[in-house]
Amino acid sequence: LKMYCLSGHPTLPCNVLKFKSTTIMLDCGLDMTSTLNFLPLPLVQSPRLSSLPGWSLKDGNAFLDKTELIDLSTVDVILISNYHCMMALPYITEHTGFTGTVYATEPTVQIGRLLMEELVNFIERVPKAQSASLWKNKDIQRLLPSPLKDAVEVSTWRRCYTMQEVNSALSKIQLVGYSQKIELFGAVQVTPLSSGYALGSSNWIIQSHYEKVSYVSGSSLLTTHPQPMDQASLKNSDVLVLTGLTQIPTANPDGMVGEFCSNLALTVRNGGNVLVPCYPSGVIYDLLECLYQYIDSAGLSSVPLYFISPVANSSLEFSQIFAEWLCHNKQSKVYLPEPPFPHAELIQTNKLKHYPSIHGDFSNDFRQPCVVFTGHPSLRFGDVVHFMELWGKSSLNTVIFTEPDFSYLEALAPYQPLAMKCIYCPIDTRLNFIQVSKLLKEVQPLHVVCPEQYTQPPPAQSHRMDLMIDCQPPAMSYRRAEVLALPFKRRYEKIEIMPELADSLVPMEIKPGISLATVSAVLHTKDNKHLLQPPPRPAQPTSGKKRKRVSDDVPDCKVLKPLLSGSIPVEQFVQTLEKHGFSDIKVEDTAKGHIVLLQEAETLIQIEEDSTHIICDNDEMLRVRLRDLVLKFLQKF
Amino acid sequence: MENYFHQMRQSYICRFCVFSFLYPLQQQQEEIATKKLRLTKPSKSAALHIDLCKATFPADALQYLLQFARKPVEAESVEGVVRILLEHYYKENDPSVRLKIASLLGLLSKTAGFSPDCIMDDAINILQNEKSHQVLAQLLDTLLAIGTKLPENQAIQMRLVDVACKHLTDTSHGVRNKCLQLLGNLGSLEKSVTKDAEGLAARDVQKIIGDYFSDQDPRVRTAAIKAMLQLHERGLKLHQTIYNQACKLLSDDYEQVRSAAVQLIWVVSQLYPESIVPIPSSNEEIRLVDDAFGKICHMVSDGSWVVRVQAAKLLGSMEQVSSHFLEQTLDKKLMSDLRRKRTAHERAKELYSSGEFSSGRKWGDDAPKEEVDTGAVNLIESGACGAFVHGLEDEMYEVRIAAVEALCMLAQSSPSFAEKCLDFLVDMFNDEIEEVRLQSIHTMRKISNNITLREDQLDTVLAVLEDSSRDIREALHELLCCTNVSTKEGIHLALVELLKNLTKYPTDRDSIWKCLKFLGSRHPTLVLPLVPELLSTHPFFDTAEPDMDDPAYIAVLVLIFNAAKTCPTMPALFSDHTFRHYAYLRDSLSHLVPALRLPGRKLVSSAVSPSIISQEDPSQQFLQQSLERVYSLQHLDPQGAQELLEFTIRDLQRLGELQSELAGVADFSATYLRCQLLLIKALQEKLWNVAAPLYLKQSDLASAAAKQIMEETYKMEFMYSGVENKQVVIIHHMRLQAKALQLIVTARTTRGLDPLFGMCEKFLQEVDFFQRYFIADLPHLQDSFVDKLLDLMPRLMTSKPAEVVKILQTMLRQSAFLHLPLPEQIHKASATIIEPAGESDNPLRFTSGLVVALDVDATLEHVQDPQNTVKVQVLYPDGQAQMIHPKPADFRNPGPGRHRLITQVYLSHTAWTEACQVEVRLLLAYNSSARIPKCPWMEGGEVSPQDVP
């Protein structure tokens, strides 16, 4: 049982687990922080951006790091835990010889598709004429200004994938439901469990008959919109892989939402616009729900909310139809029937409007002051770039960062000097360290495996000893490009017995409570399942009738020898020998047992714990006699 | 631990010594071989070596290896690196490090220029001692890489196959997989070779692989089938016995196995289509291809959609199948054909031969009982029947698309099947997925030659015209161009629907007109009875004259005029204004309206059309002759040469206008002649006769000529499709002359030598480049400028700039005019912007600061690689210009040499308040050696956005 760790990023994990002849990849997150090294891609050519000193438009948008630690064509399955963790899927399934299957829940696939579509759309609509790649050369990279110089693994950055690649990658996905048991080649069973972080997000249990590995990634104990986390099924696991904890352990999501609302209200009251860079799915549903309750009380009901994304419509609609993946009170709304999310009402009352892009209808409906939700949170591409350019000059406006994936200061760097206000209230509902320790106490795994970052306090707050995982035995940590041998061995394998064969068994009680029976059977293995079948009978003599019968090809089986058990009491054995006319018997004790010497016959009988040897010179008669004597002491099956 | 360190250090020192011996040795060998000192770089392998020795823990070693793997290794140092890796391999206890080393070995052996046979022995050696299954599998992969690198070496391949066979019994599925892969890729193809190799027992690779069809692990079964397919791909003829084995795998539990098995069955059925196989449960026998077809059809209703897609796709390529099987695919009724009941006579015969007779005690106990094997009974034993019905109704659109494709291919090979599948195809026009609709429309177009649409079918087809997707509508127009309609109501219906489409989507205008053109010319007799109604004429009363600019009216006229071409009675039904409109349309839309033989009118254009063919040759001749004449101008005086050139250019231009087929050639040669003319003119300038310093300003003409020649040569090189290397040489030669001219002019007009030095050097570099690049073509350039220049090259290199200029000047005057060989096919690239139309009245409005999207629709002709070369330029009234690169997906390719660009251009501006004109241009980017100048090429419409504050 081994784990290959392909990604060092704690919230965007990518691990490969070798477990009982199957190779399972757990998640494939795409680390997009490398885009921060690029200039923003504006929709319309902007003279300011293209003339910034010290920056130059480098090749498209390239990201991702994957190491060549393992041959990706040997990966049998990929398990996806949530839609943020599947963004690298096209890089893995295409052009690497990958032939396996991908398992994910339906909302994960649908929303993941939306995220990828948005990404591809943002990048493809402004194609670049030329791309530079020479700078990735080590010698040249050394000479570049500092953020690029320090970037690691530049050679693994890649261009963004295309829509064809996305479609072909997504066609390899098989949909699963929570608690559905999926057999992998008969050897391993995997089960997704609700993790409570996002629509359709899941933790996975990977188990064989006697071992259980749990994979916890991006879970949340807060009650937001998704189905609550399933903790009970994680119990009794031998190994628990823990990734995707909160990225800002010091911030409380509830407080951040409050801050978000009050800042938003303040700006709008002063006549400014609010820009919220966000992903098209996920936290935005919660934000809209909060705003739904908040705007009326704050007297802002006349302020329009705009949601601009190529997939805005699908995202809002999809959220309403995934009823079975929602938390209980949202689910019960569906039966009333009512839309589970209140943004349906916002749309109906024209308070929330959504547009596929900044041009077209949006241009006609645009009113200020307003609140705009749009992507991409890295501020490097997407419609958000245009709004930053448009509103950045006025101090009335505010940009509020809610996604924790990108450092907001770095994201803002190319837009400096900036007059607009910047508020950072990251909302990350994933588990924090207090919740983790509570969870671990409850679940009681034998071993915990987690990224290195979680075993020590964050570098910025090195005194906060509470910001690390604390458990017994201490968690095993992994780093990028490391191979971890998980500390348990597989000992047992399950074998089934055919009913006919089981019928024929006659157990004998050896100790009270323990019975034994010998089984003579043929072990039949198919699809990694083992089955004991009754041995083929020796061919029956054919009846006198002349009958054309197709004689089955019965493989010749050897005559079964009985098995022996028991120990030989030496003294009684010597007595028996004497009874049968052997004299001059010497018994020597050795380390392992006894040696009985028959000096007269020049014969030696070694009796050890697990073997008995009779050594005599070419006297077969004598040997057979002695053998029979020995056998008398032993039990036969 | 201390002890360990000590050991490590020791071994480190030892090995370093060995190493320093190794390298000089290699160098020596090389010196002998090439007599040239080449420095090998020991740094790479040595660095790796040191790193590996430093690594005390496996994890560190792994990191070093990972870092090492990122850098490429030169072919010369591969072997050294391999040795070091192997050495480390023997010592290493951690399997993950060994795994990485094994994969590195595979990577290294793929290095170009490195022959991996020297490391094979080692690889096999370490294979034998390896315990970890994973590493074993990786090592086998390495061997595979080595084997594929040495395809000629039979002995090595035999040996590798031997190794693979040995490890086939491994317990790990990964190892078995790789072994099978190895066998598939390297298994010997010919029996004769195995006979020769006496040491190794002749192995029947097919048999060995076939045994693993029943392996316990599904992944191994898949790998076995894949290996078999690989053998087939490499040209080995598979045995027919495999067919039965593969058929068993069709009912496997795992979809990968089934999917691969379907493929294998298809392959076998193509190999042995005519051999006979028995049908189980009866004594009948059928052709193998039919049996395979039935089996694959059955897989169209498989549980896994991947298998269904696979099966549906393969069905399309089984053309040898018998027609009654084919037709069954469209019929859902169950058939008992494949499980035929035996006749009573047959049963009696069987009973007799088995020796069982009725005892007579009970009535009817000898009545034949059909033995039913419970395992063999499918709830629906379908065979071929209804395969396509199932496929076309499948829930997954991928399956439906595959089924439509298969249907298309089968229908193309069998007209009777095409007739039958029409209904099903038409039904697919209503599919919910756009891709499926599009595919079925295309399919229908391909088979439309031998079908006629009924009215109800036409109805369904025409309903698609309301589709919001432009692609689908245009595909449907294309389809209507080549379908046959059976009744006049059908034509009427089609016209009405097309007009509806026209009002709903005015952008489809051109496509609809074109469609009606073909519809009319295909069905003249059906259009005839409709004419009075369509033109709304009345026998007694004059009706109002319709608006000539109405696209719908034009559409109707296009239909009628095209029908009238082959229907001489039709013009009698036209009213007066129709004739006038005909004349107008014939002039304005000549590509849509044919020449008609109208009563009482001059046959203006009809005279042209039949004579075009006969005239083609003379015009070609004329072109040739005028060019021949030009090439003799060397012997004329300058004045005469200029006149001759001018006349010829004029002739050529006129010819290009008259004969569209020759336009490309004529333009191309005219441009070339114009360059020559400019050159001659520039050299005739008076300024050359006067002392240099006096003419500082007046040399404008010459330098302008030089510039223009340069520009024209770039146009010649990049704006024509079909330019061959022969022409490129001449064009470059002309450009070189222009550069020489430029140099001379600058030399005369500038004072001081410093800038001249640089220019001279640059020019000589260009000459050098020309020589190197076109070395093969130099013999053709006898007596030319370059030819002379190269003769004098040594002198030029050493002389001063002033002297160089003087030499160049005389040479330019003396050099001969080169003959431009005409290419076979040459076309000038051109583009037309259909949208935005220039004269649009209503301006686009958008909010200040936001973005407006402007639809651009253009057709490009004879543009090579438009995805990379065509750009859109937007010119704002304040002089700002923006270059926009359209997405590759925006280009469609409707026909050879034609492209269509449909894209959106985003405009934004913060400072406007009034309506202004914005210019949109298409640009063709070209790249000549280093510079990337953009050449403005076709300017199109303008728009006037208005800003609303």
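Tutor: Happy to! Let us start with Asp394(B), which counts as buried, with a relative accessibility of 9%. Keep in mind that this is a predicted model. The partner of Asp394(B) is Arg308(B): the two form a salt bridge whose closest N and O atoms are 2.7 Å apart. Arg308(B) belongs to helix α16 (residues 305–315) of chain B, while Asp394(B) sits in the loop between α19 (387–392) and α20 (397–413) of that chain, so the bridge ties together parts that lie 86 residues apart in sequence. Arg308(B) is buried too, at 7% relative accessibility. Both values fall under the 20% cut-off, which is why each residue is called buried.

For a second pair, turn to chain A. There, Lys529(A) and Glu183(A) form a salt bridge, with 2.9 Å between the closest N and O atoms. This pair also links distant parts of its chain: Lys529(A) is in strand β25 (residues 529–533) and Glu183(A) in strand β7 (residues 182–184), 346 residues apart.

Back in chain B, Asp651(B) and Arg650(B) make a salt bridge in which the closest N and O atoms are 3.6 Å apart. Some bridges share partners: Arg470(B), Glu474(B), Asp857(B) and Arg900(B) are joined in this way into one network. Over all chains, the count of salt bridges comes to 29.

Now for the setting of our first pair. Chain B has 40 helices and 16 strands, and 49% of its 949 residues are buried. Of the contacts in chain B with a separation of 6 or more, 72% are between residues 24 or more positions apart. Its accessible surface comes to about 47300 Å², and carbon and sulfur atoms account for 53% of that area.

Chain A exposes about 30000 Å², with 51% of it supplied by carbon and sulfur atoms.

Terms used
Residues numbered from 1 in each chain as written. Chains lettered and ligands numbered in written order. Predicted model: local features only at pLDDT ≥ 70, side-chain atom pairs only at ≥ 80, totals over all residues. Heavy atoms only, no water. Areas by Shrake-Rupley, 256 points an atom, 1.4 Å probe, with all protein chains shown as cover. Salt bridge = Lys/Arg side-chain N within 4 Å of Asp/Glu carboxyl O. Helix = DSSP H or I, 4+ residues; strand = E, 2+ residues; numbered from the N terminus. Buried < 20%, exposed > 50% of the residue type's maximum accessible area, 1.4 Å probe, protein only. Contact = heavy atoms within 4.5 Å.
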